Amino acid sequence: EVRGASASPGIDWADVGKLALVWCVVASLIAISREPAATVQHRVKETSDVYALPPPDVVTAMSLGHRAAFADYLWAGVLVEQGLHTADRRRFENMPYLIDTINELDPTFRDPYLLIEALTVFQVNGVAEADVRRARQIIERGVRELPNDAELLSSAGAFIGMIAPSSYLTDPAEKERWTVDGAAYLARASELGDDKK
């Protein structure tokens with residue numbers, strides 16, 4: 001007997017065989033139970049969204065002071081969801097609610113104001129007049145929050161004064177009002193020029 005040498009126990013091949021058998025049984029059970037779920041998942045299509053956030057003022061309290069960070073997080077989610085909804089050929093019904101929450105969290109975050117028109121009109125299955133009016137409300141909030149932003153004013157003027165009346169609105173009197181309001185935004189944008197102070 002050699003001193004200091006440790007005796008290594010031999011491998012019990014019976015235990016290894018039992019373990020392999022258990023793993024095979026488990027893998028088989030997973031495969032058997034997964035097939036029906038996978039079949040159902042391939043057949044089911046999402047048709048509507050569930051809006052899970054509370055009202056914007058409650059979300060603001062929930063942010064615990066990290067309002068801008070939470071607004072950025074929601075904004076990233078809006079952009080991703082817009083792409084996913086477009087790929088699935090579904091309307092993004094919750095987008096205006098998310099934008100309202102983002103605006104409440106960070107009223108001077110300008111990207112949602114600048115892109116709301118594109119996000120609204122780039123919807124599957126057409127654009128409702130109610131969606132266009134909602135987009136105008138969001139844009140006008142942006143103009144109130146950032147009154148000296150020439151790019152935002154120009155975007156508001158183009159959408160309110162030209163794009164919406166010529167493409168989405170049907171009432172002639174409403175078209176005329178929107179055109180006049182849009183012209184006022186464009187006039188203010190031209191006064192400011194390229195100054196972003």
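View 1. Leu19, Val22, Trp23, Val26 and Ile30 make a nonpolar surface patch of about 510 Å². Patches here are built from residues with over 30% relative accessible area and no salt bridge, with nonpolar side chains (Val, Leu, Ile, Met, Phe, Trp, Tyr) joined within 5 Å and like charges within 9 Å. Accessible areas come from the Shrake-Rupley method with a 1.4 Å probe, and for residues only the protein chains shown count as cover. To find your place, look for Leu19 in helix α1 (residues 13-43). Helices (H or I, at least four residues) and strands (E, at least two) are DSSP runs, numbered from the N terminus.

A word on the model: this is a predicted structure, where local features need pLDDT of at least 70 and side-chain atom pairs count only at pLDDT 80 or more, while totals for chains, interfaces and linings use all residues. Residues are numbered from 1 along each chain as its sequence is written, and side-chain values use heavy atoms, leaving out hydrogens and water.

**View 2. The largest nonpolar core.** Welcome to the inside: this core has 34 residues, and Val78, Ile99, Ile102 and Phe159 have the most contacts inside it. Two or more residues each are given by α3, α4, α5, α6, α7 and α8 (172-192). The largest share, 7 residues, comes from α7. A nonpolar core is a set of buried Ala, Val, Leu, Ile, Met, Phe, Trp, Tyr and Cys residues joined through side-chain atoms within 4.5 Å. Buried means under 20% relative accessible area, exposed over 50%, and partly exposed in between (1.4 Å probe, protein chains only).

**View 3. Phe159 and its contacts.** Leaving aside residues up to four places away in sequence, Phe159 touches Glu117, Val121, Val132, Ala135, Arg136, Ile139, Ala164, Pro165 and Trp178. Contact means heavy atoms within 4.5 Å.

**View 4. Helix α5 and its packing partners.** Along α5 (residues 110-121), the buried residues are Pro112, Tyr113, Leu114, Ile116, Glu117, Leu119 and Thr120. They pack against α3 (67-87), α4 (95-105), α6 (129-145) and α7 (150-167).

**View 5. A salt bridge between Asp131 and Arg91.** The closest N and O atoms of this pair are 2.4 Å apart. Asp131 belongs to helix α6 and Arg91 to the loop between α3 and α4, so the pair ties together parts that are 40 residues apart in sequence. Asp131 is partly exposed at 22% relative accessibility, and Arg91 is partly exposed at 25%. A salt bridge is a side-chain nitrogen of Lys or Arg within 4 Å of a carboxyl oxygen of Asp or Glu; by this rule the count comes to 10.

View 6. Arg136 is buried at 11% relative accessibility, and Glu140 is buried at 17%. Over in helix α8, Arg188 and Glu191 are 3 residues apart, again about one helical turn, and their closest N and O atoms lie 3.2 Å apart in a salt bridge. Here Arg188 is partly exposed at 31%, whereas Glu191 is exposed at 60%.

**View 7. Two loop residues with positive phi.** Most residues other than glycine have a negative phi. Leu64, in the loop between α2 (56-62) and α3, has a phi near 55 degrees. Arg89, in the loop between α3 and α4, has a phi of about 60 degrees. Leu64 is exposed at 70% relative accessible area, and Arg89 is exposed at 67%.
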